[in-house]
Each structure stands twice: as structure tokens, then as C-alpha cells.
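Dear colleague,

Please find below the structure that I am handing over to you. My notes on what was found in it follow directly after.

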Amino acid sequence: MADPDNRWNRRLFLHLPAIFLVLFFVLPLMALVILSFWQTENYKIVREWSALNYVTLATESAYFVFFVRSLFLAIGVSIFSVAVSWPIAFFIVRHGGRYKLILSLLLAVPFLSGEVLRLIALQGMLGPTGLVNGVLLKLGSAPLRFIMYSNWATFIALVYLYLPMVVTTVYLSLLNFDFRLTSAASSCGANRFQVFCEIVWPLNLSGTIVGFLLCFIPTLSASLAPRFLGGPSGTLYGMSIAQQFGESGTWALGAAMGVVLFLFSIAVLGVFSLGINLRRTGFTGMGRQ
Amino acid sequence: MYAQASNDRLTKWLMGAILVAAYAFLYMPIIHILFASMSSRPNFPYPPEFDFGSYIRLYTNTVYQSAFLNSLIIATCTSLLSTVLGFLATVGVLRFAGRKALVYAAFFAGPLFVSEILLGISSMSLYYLAFELQGNMVTAIIANSVHCFSFCFLIMAALLYRYDWRMNEAAVVCGASPIRAFFEVMLPLTWSGILSSLIVAFVLSLNGLDISFYLLGATPTMPSVAWGALRYGVKPELYALSSIINILVFAAIAGLYFVARSDRNQPAE
Amino acid sequence: MNASHDGVATPYIRIAGVSRQYGQVRALHDLSIDIAKHEFIAILGPSGSGKSTLLRLIAGLDRPSTGRIFFEGADVTDLPPYKRGIGMVFQEFLLFPHRTVRENLAFPLRMTNQPQQKILERLDWAEAILSLRGLMDRYPNQLSGGQQQRVALGRGLVTHPTLLLLDEPLANLDRELRNEMEVEIRRYQKQLGIPFVYVTHNQEEALSMSDRVAVINGGRLEALGERQTIYDNPPTPFVARFVGKSTRFDGAFNPASEQIELQRYNYAFPYSGAFERKDDARAEIFVKNERFQLSLWAAGATGIPCTVADIVLRGPFVEYILETEAAERIIAVKPKTSDLSALGTKLSLSWDPAACHVFPAGR
């Protein structure tokens, strides 16, 4: 293709979406950073520059507690989701045959219903008068209290919300995996455990990590799930941010919390992407050019 | 692999059991709500009844109606905007980015790794600080588009990854102008990606709360009304609304699946 | 004809009565082959004949429905591939994309828990014997097709296995490279002194590299023998057609004159073999294209009259495309000489009766 053609193409196809993102994704984030250095008083923003918000975050232990709680919850939910997703995705890819697409779509579709509707459904199931406890009551046994308004409930809810994402990611990774490599490894003397550890797992590691992150990051900032299903001691970080922007009107503090969250997410992403050697996960290119 | 030892069979059944458990886990709440919406005893609707009272009440409830309309508008515009941008980005990355393809791809997928709430509050901050705006439908659409754009980009990139770009060259050699080549050659082979992207973006923004909420405040959207109702105790209309949305989503995806499958059965490819 | 026994006490590799059934479909019927230790055996057959299935059974990647497989006298039929001590080379190479050449080669040694010293020794050996110097730290996608091929070979050989299985390894290479590799692979086999079982649909490959050839068709063993024998004396019409390039004629046996008379042409030649069928004397005749005898057409010529329709030069050989009066095109292969018959020349086509293969029709 002639050079001027390519340049226009580049402008249209690459620069346009990139500019859109810069304007409406990067700029807002910068605005958030700016806001975090200002103050709010009586529901009004005061444009005084100070790092007071960050000091508050660093010193008031409540916020630290929220963050650590969110962190542990996010790690737990993500690891659990990945652990459950692997056998599911593996089964569909290896034994799904003609029904692979349907089986995987059926797992992905619930994700589209959105947080609110799914939390409504989950609350109906797990609530004190919901399905699970209703059945238990009818059978004459006591209701399970811990599955509602507790951290366990939040855990279940977050897995419920993000499992489809993780399964789909791992599924796509396994789908593109050449299973004949397992035959080659077997003929080289690797037993089934070694085949998994040496061949199947590393070559699907990047997909697994993407799935993990797609669950970890939203879970870290979850606000709705803990609000409805979490207990009194279950305030999570994201929920707290929502409160700053909602009831308490302390936008600047909320912005600071948001910035902290964002930086932490970037750090996690950075650690993972530096830790992954793309070649080591079998990545050989971005398709044909 | 080599032989179906009893070990293998056990593993297979175990994985299958986990799969079934996953389906149950994901779908039971949805089905439970479906039954609850048609029952006079929403808390424990078994055995299932078929009372459509709550649906009728939903239909006549003006708050829900205006909220739903707002959501529809947002969803339609978002899906169009994010699909168009996503398509441009996909073609750009796969075809024109050269060695920086991975960098661009990472940038375009960025919004996925930033939680929705951050997108919501950051956009809100920007509009408020820069323009003293409280946010309106347009800003809600744009913010949702940022989020959905990444999904669209990934969906279309996944489907276009194996596309052989030399077909465009073949078309041009046969006398087609580049635009004609696109419509005649590329579009038929990629429409499924475009359609999927439209549907996914539509549904995600229809149901997404975090982003729209922060940008619209008082203006009701379907999820924010639902959320409001949820805070003050659940009403059966909410279950009805939820079930309708779920069924629509399911139908849309099923429709997409069947159309895509019949397309594939034709000897074109 | 389904069995072959050397008469030797314990053959190195024995495949005994092996068959494989998938539901209603029988991929292999009751195959038995014995393989000696220093032998290069080719398994030749068209697509879908079951040859790859047979290879997978020997490797342990699949289980036979009936029959047993023995390595050095030990029954390995129930053993998985990683316990059989084999090496295998795949058509698509199947090198591990996330490992360097060095690590790919070291893999089988690590899987069988070899001591570090031995691993280093074998890696050096592989590097030398396969000319992989300078490539050891590259990744498979940074290698050319031929280089990948050598690494795949190396990975199969690095443990000095009991035998090496090769599944059409040259199919993805271009012609020149293929010819080179044919010679190389044969050399490795002679050096290592282990059996190579080489599956291919390309009969030229099979004949160029192997000691013996097993011809498989429709899941059955059609023929098994020394490569020269298979070529010169094919035991069945399928083998006659599949191995070497030949032309097929219809004819019938005339018991009175003890001659085979061709159906389409006024040509006959003496046949001394016994003709089994008493009621049906129809026959198929196969003549290898290089066994045709051509002479200028003159009065009293006894061969099949034909004209030169086209000439194709193939290096040291010439293919004459001859057209007969029945509008049939026959290819005759001759060594290239300086005086080639020109286009349109009328020639007489014949052959030495001992140099053709005759079978009763419909067998």
C-alpha cells in the first residue's frame, strides 16, 4: 500500500478510537487525580490544593481496613473462580464436541444481565426468606444465617457475578490450545501430571491471568454486592467510595480513594505483565498483517 | 490421549459434575426470580403459579416506564458508538499497527481493567470540574461507550483474528474500490462479530448501574430504579422487570446463535 | 496375506493380530508385523488407509481393540506412551512453542529423570548430529521449516529410544528439502541402529529410505516385503497401482495360445503363469512406465501404434506423452538422450512380458 494511504488509514482506524479513549478515559482519570487534591466542604468543592485526603486515608484505620478486606476478598474470589473455571472450561473444550459453543454461551449469558438484576436474583435465593432457607425451613431444619448479610454472602455474590467472565476467558484460551502437543509430550515420556504442568498450564497461563485480573479488578472495587448482601462488618472499599460520592458528599476524599484504587490496579497489572514472558506462554504474534 | 483408564473416566465425570453445578449456580437464581414474578407468594413461589399480576402492574407503572425508556436510549446509542469505534480499533490493530499492535491493543483493552465505579466517578469529576455539569444523557452514553468499547474491541478482534487480509487485496485486484471491497468481501465474513458486539454493548449498558448512576443522578434508568426499589424492600414488579430483561437477553443471544449457525452451514466458507 | 514371521526367535518389535474399531468403523483389521532391530520399515498407504492409526497404536496414543504389541519381548499393549521408551516425530512437528530448542530437546530427558550430566551430553550430541549449532537458544517460531524438522527429529532421538516413529514428517517441507532430508533420516537410522517406523503416502519416499515396505489399504496389510521386491513383484493389483508409476490395461487370458490378449489393442504377449479362474479369464495388466519399449513405427511392427503428443523433461528422464488410436494417453519414461523423438512421430509401444504384472480381474 502506498504511504499516504496508510497514513490516512492509520489516522482513521487507530487514532480516532485512541483519541476517544484519551478524551473520555484518560482525561476523566486525570480529573479524578486533580479532585483528590482538593477538598469538599458542605457538599461543595473547595479548590484548595492539599494532600489532606491522602493523609486521611493513610491515618484513619477504617479505610485501611476496608482496603485490606477488599483485597483479601478479591484475591479469594478470583482464585476460587479460576480454580472452578479450569475444570469447567476444560470439560467443554475436550468433551463438548458439537455443543461447545452452546455450552460456553450458556455460561457467559448470565453476565449480561447486569449487576443489579443478578444481585436481586441472588438475594431472592439466599435471603432469610429466600429459596435456600425456604427449602431448609420446609424440611424442618434451621435456616443458614451465614449465607446472607455476611462476608460469605459477599463472596458468593462476587463469584456469582464474575464467574462467567473467568470461564469464558479460560475457555477461549483452551480453545486455541493445540491439544496435539499433549500427545507429543506424552511420546516424550511425560506422564499426565507432567503434561499438565509443563505443557497445558504454561501455554494457557496468559489466558488464566487475564481471567484472574478481569475478576480481581472489579471485585476489588465492588460496591453493590457488599451493600446488599454484606453484613454490618462487611464494608468494602468500593462501597466506601460510593458512599463518599453519594450520601456523605465528600467527593474529594472519594476521588483520593479512587486514585489509590487505580494506582493499586495499575501496580497489579504491571507486576503481572512484567512477570509474564509472552514467549513462555506460547504467544507467537498478533495474527497476519 | 491414549486410553480411557478408569482414572480418566473419573476425572471426566468429576469435571462434568462441576459444570452442571456451575450451570445450576448461575441459573437457579434467575429461574427462581422468574417463578417469583409469577406468583402471589414471591418469597417462596413453589409450587409455581402463573399469575401475571405483577407484569401488568409493571406495565402501568410510569416510573419504571420512563426509566426503561431512558435505559433504552442510552443502550442503543452506546452500542452503536462503541461498535463503530471498536470496529475501527480492531481493524487498526490487526492491520495497520505493525509492531505497535500490542501496545495499541493493551491501550484499547484498558477500560476493562479499570473498575466501572472508577469510570463513573472519574467521568463525573471531569464534567463537574471542567464544565460545572451535573451530567446528562450524552455524558452517560459516552462514559458507557468507553467501557463497552473495550468489550466490542475484544469480541471483534477475537473473531477477526483469523481473517485473511489478502482477500481485500484480491477484491481490489478484481476491480473493486476499497469501499466496495469492504462491503462485498469483508462485511459478510465479519458481520457476526459486529452483530455480537452490538448486542453485548446494548445489553451491558442497559443493565449497567455504576456508570450511568454517577452521570445521571436524578434521571432514572432501569437499573437505578431497580436498585432504588431494592433498597426499600423488594416489590414483585421488580422481579417481573428482571425476568423480562433476562428473557430478552437470552432471546437475543439465542437468536444471534441460530442466525450465525445457519450462516455457517452455507457452503460460502 | 496378513502375517509375516522372520523365523527369528524373538523379533525386536512384534505387532500381533492388531485391529482397531471405532463403533461400526473398522480402521485396522488383524494386522501382524515383526520388525527387526536395525530395520527401517515404511508403512505405505493412501489417505484413510489406517497407517496413522497403526502408528498411534504402536506409540500408545491409542488402544487396539484386539491384538497385542511387544517391544523386545515385553508386552507393552497396556502401557501409556510415556512408559514405552519411544521417540516420535509428527507431521506438524509439534515443537513446544514456549520452550527454546535446547529445552525442547531436553524435555524427554527431563521427563525420564536423567541425571544432569547425561542431559548435557545428549544435548551436545543432538546439537552436533543434527547441525543445530547456533540455534539452541531460539524459539520454534524463529526457525525455518527444515530447522524445525531437525529439532523434531532430535527430540525424538535424544533419549536413544527403543524405536522411532515418524508420521509423514516431510509432508510440510518443499521438494528439495524433502530430498535432502530423506537421505539424512536414513543416515541417522543407520548410525543409531534402532528401528525407524516411517508412515507415508508417498511411495517414492517409502522406497528411497526403507529396507522393507508394508503396504496398507483399507485397514489391511496388502503386502510386506523388501522394497525392491514390492516394487518389482507387486503381489496385488493395489500394490501394482500404488507403488511406482504404471499404466493399466484390460485383457484376457487365451488358454489356447497361452497368451494375454489386450482388450483395446491388437497386442498380445505370452504368459507363463498359472491362471486360477477357469470360468473368467479376464485380467488386469500393469506396466511400469519406465518399462515401456519404444521403436519407430515401421511396416510389420507388432506393438501398439501411438503418436508423440507431448514431451516433458524431468531432469535426467523424459516423459513421452503418447496418444494411441483409441485416444488413450500413455506415459512412457525414458532416460534422456540427445536424440528425442519429435512431436507427432509415430511409434510402436511394447514391453518385455517378464516386466509387467498380470492379475486376474476383479480380485
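Among contacts in chain C between residues at least 6 apart in sequence, those that join residues at least 24 apart make up 64%. Please bear in mind that this is a predicted model. Chain C is built with 8 helices and 20 strands, and 39% of its 363 residues count as buried. The C-alpha trace of chain C spans about 80 × 50 × 35 Å along its principal axes.

I turn next to the contact of chain A with chain B. Chain A gives 76 residues to this contact, and chain B gives 78 residues. On the side of chain A that touches chain B, the largest share comes from helix 1 (residues 3-36) of chain A, with 20 residues. By class, that side of chain A has 53 nonpolar, 20 polar and 3 charged residues.

Within chain A, one pair of helices was examined in detail. Helix 2 (residues 52-59) of chain A packs with helix 13 (residues 251-275) of chain A at an angle of about 70 degrees, their axes lying 9 Å apart. Angles of 65 to 115 degrees count as roughly perpendicular, and helix 2 and helix 13 of chain A are therefore roughly perpendicular to each other. The crossing of helix 2 of chain A past helix 13 of chain A is right-handed.

With kind regards

Note on methods: Residues are numbered from 1 along each chain as its sequence is written. Chains are lettered from A and ligands numbered from 1 in the order in which they are written. This is a predicted model: local features need pLDDT of at least 70, side-chain atom pairs count only at pLDDT 80 or more; totals for chains, interfaces and linings use all residues. Helices (H or I, at least four residues) and strands (E, at least two) are DSSP runs, numbered from the N terminus. A residue is buried if 20 or more other C-beta atoms lie within 10 Å of its own, exposed if 12 or fewer, and partly exposed in between; C-beta atoms are placed from the backbone. Two residues are in contact if their C-beta atoms, placed from the backbone, lie within 7 Å. Ala, Val, Leu, Ile, Met, Phe, Trp, Tyr, Cys and Pro count as nonpolar, Asp, Glu, Lys and Arg as charged, and the others, Gly among them, as polar. Axes are lines fitted to C-alpha atoms, for helices over the stretch in contact, and angles run from 0 to 180 degrees between N-to-C directions. Angles under 35 degrees count as roughly parallel, over 145 as roughly antiparallel, 65 to 115 as roughly perpendicular and the rest as oblique. A crossing is left-handed if the near helix is turned anticlockwise from the far one by less than a right angle, and right-handed if clockwise.
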